[in-house]
Amino acid sequence: MKLVTVVIKPFKLEDVREALSLIGIQGLTVTEVKGFGRQKGHAELYRGAEYNVNFLPKVKIEVAITDEQLDEVIEVMSKSAWTGKIGDGKIFVTELQRVIRIRTGETDEDAL
């Protein structure tokens with residue numbers, strides 16, 4: 001089992017959610033986060049004064065999947081989050097040791 005975490009631009013959230021839904025991914029967790037990578041923030045004007053925004057708004061999506069779903073999920077996330085501009089985001093894949101559904105007690109792949 002894998003935990004796939006993707007950090008993307010906020011306006012791409014619905015595109016990614018819809019694309020994952022089309023391939024049968026039923027559950028995901030979304031968190032609003034801030035961060036920067038190569039973008040390193042940007043300058044904005046507010047009431048005539050310029051100031052730097054060092055942390056940009058992003059969205060983090062986490063999806064627990066089976067090993068067999070990994071390549072398809074990565075492909076779908078990459079295509080649906082892509083804009084071609086700096087700051088499109090990153091995908092992280094980590095191994096899941098154990099998953100437990102609290103309501104039923106199901107474990108591992110049955111709990112996904």
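This is a predicted model: local features need pLDDT of at least 70, side-chain atom pairs count only at pLDDT 80 or more; totals for chains, interfaces and linings use all residues.
Local features need pLDDT of at least 70 and side-chain atom pairs count only at pLDDT 80 or more, while totals for chains, interfaces and linings use all residues. Residues are numbered from 1 along each chain as its sequence is written, and side-chain values use heavy atoms, with hydrogens and water left out.

Taking a salt bridge as a side-chain nitrogen of Lys or Arg within 4 Å of a carboxyl oxygen of Asp or Glu, the count comes to seven. One of them pairs D67 with K2, at 3.6 Å from N to O. Because D67 lies in the loop between β5 (56–65) and α2 (70–81) and K2 in strand β1 (residues 2–8), this pair ties together parts that are 65 residues apart in sequence. Here helices (H or I, at least four residues) and strands (E, at least two) are DSSP runs, numbered from the N terminus.

K2 is buried at 16%, whereas D67 is partly exposed at 37%. Salt bridges with shared partners join K2, D67 and E95 into one network.

A further salt bridge links D88 and K9, whose closest N and O atoms are 3.8 Å apart. D88 lies in the loop between α2 and β6 (89–95) and K9 in the loop between β1 and α1 (13–22), so parts 79 residues apart in sequence are tied together. Both D88 and K9 are buried.

Within helix α2, E75 and K79 stand four residues apart, about one turn of the helix, and form a salt bridge with closest N and O atoms 3.0 Å apart. E75 is partly exposed at 45%, and K79 is exposed at 60%.

Definitions and conventions:
Buried means under 20% relative accessible area, exposed over 50%, partly exposed in between (1.4 Å probe, protein chains only).
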